[in-house]
Structure formats: structure tokens, C-alpha cells
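Trainee: I would like to learn how to read a fold from its elements. Where do we begin?

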Amino acid sequence: GSSGSSGMESYSQRQDHELQALEAIYGSDFQDLRPDARGRVREPPEINLVLYPQGLAGEEVYVQVELRVKCPPTYPDVVPEIDLKNAKGLSNESVNLLKSHLEELAKKQCGEVMIFELAHHVQSFLSEHNKSGPSSG
């Protein structure tokens, strides 16, 4: 019963594959926010990734942020909604800057799955800002 669309994965297959890859990479820092991802209702992915600075070997971590990505049903041909939550050690200014970078990046990556790229960008941004600043709020 093949319908002749050779090698073209459906949106939900592509989304699933990406989520599996992310879960493999980020482990417990990856959260699937859909109420019932295993149920019959195929909701497009909505995920949360807890991200830390990249490539830290025994350094102190001063910054972290959660990347929340809400995908439309036709992701990755449509840009997902990107949110940054619970930032630690970053000013609002930095968070806003990072968010606008991510939105630019998402537009460039449109048509390809991009959550990994976005997460990677967040991690390199964090490693640039991983300084112990003044501890006043």
C-alpha cells in the first residue's frame, strides 16, 4: 500500500525523529510538553530544553536558560514559536537579544528541522555570557 511518495516523510514523522534525537542528546534536560504525546491525538511538538553553557569541563555554571519551542503542524516548513524561560544569570536585555537571534536563525533554517540548531546557538550564547556577575538582582 505505498502511495508512491518516495522518501518523503510526513511532517509528524520528521518532528518525531527530531524529538527522538533531541531526547538522545539532552536526556533529562529534554521535556515533551504535550499532555499525551503517546495518545491518538497527534499534536505538533511542544518541547522544553534546559540549556547550559557549551563545553564546560569543571567550570562553574553561572547562566542557564530554558528554550521552549512550540511547533506548528507544518513545522519545519513553518517557523516555530520560540520562548525563553527561567533565565539565570542573564539580563533581560541578553535574553531579548538571544530570542531575536533565535528568530532570525529559525527563518534561515526554515524547511529543515531546526530545534537542535537553536539549542546549539543558545549554548554558545550562554558560554559567552558565563561570567559571575554582581550578585545583586
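Mentor: With a definition: helices, of at least four residues, and strands, of at least two, are DSSP runs, numbered from the N terminus. In this predicted model, the elements run α-β-β-β-β-α-α from the N terminus on.

Trainee: How many helices and strands does that make?

Mentor: Three helices and four strands.

Trainee: Which strands does β3 join, and how do they run?

Mentor: Strands count as paired if DSSP finds at least two bridges between them. Strand β2, residues 46–51, is joined to β3 by six bridges, and the two run antiparallel. Strand β4, residues 81–88, is also antiparallel to β3, again with six bridges.

Trainee: Is β3 mostly covered or mostly open?

Mentor: Buried means under 20% relative accessible area. Strand β3 spans residues 64–70, and five of its seven residues are buried, so by that cut-off the strand is mostly covered. Over the chain of 137 residues, 32% count as buried.

Trainee: How should I read the helix α3, starting with its span?

Mentor: Compare the span with what is expected at 1.5 Å a residue. Helix α3 covers residues 115–128, which is 14 residues, and reaches 20 Å from its first C-alpha to its last, close to the expected 20 Å.

Trainee: Which residues of α3 are buried, and why are they on the same side?

Mentor: The general idea is that an α-helix has 3.6 residues a turn, so residues three or four places apart point the same way. In α3 the buried residues are I115, L118, A119, V122, Q123, F125 and L126. They cover an arc of only 165° around the axis, which puts them on the same side of α3.

Trainee: What do the buried residues of α3 pack against?

Mentor: Their partners are the helices α1 (11–26) and α2 (92–109), together with the strands β2, β3 and β4.

Trainee: How do I read contacts by sequence separation?

Mentor: Take contacts between residues at least 6 apart in sequence, and ask what share joins residues at least 24 apart; in this chain it is 54%.

Trainee: And a loop residue such as P35: buried or exposed?

Mentor: P35 lies in the loop between β1 (30–32) and β2. P35 is exposed, with a relative accessible area of 74%. From P35 to E46 there are 11 residues in sequence and 9.6 Å in space, C-alpha to C-alpha.

Note on methods
Residues are numbered from 1 along each chain as its sequence is written. This is a predicted model: local features need pLDDT of at least 70, side-chain atom pairs count only at pLDDT 80 or more; totals for chains, interfaces and linings use all residues. Side-chain values use heavy atoms; hydrogens and water are left out. Buried means under 20% relative accessible area, exposed over 50%, partly exposed in between (1.4 Å probe, protein chains only). Contact means heavy atoms within 4.5 Å. The expected span of a helix is 1.5 Å times one less than its number of residues. The arc is that of the directions from the helix axis to the C-beta atoms.
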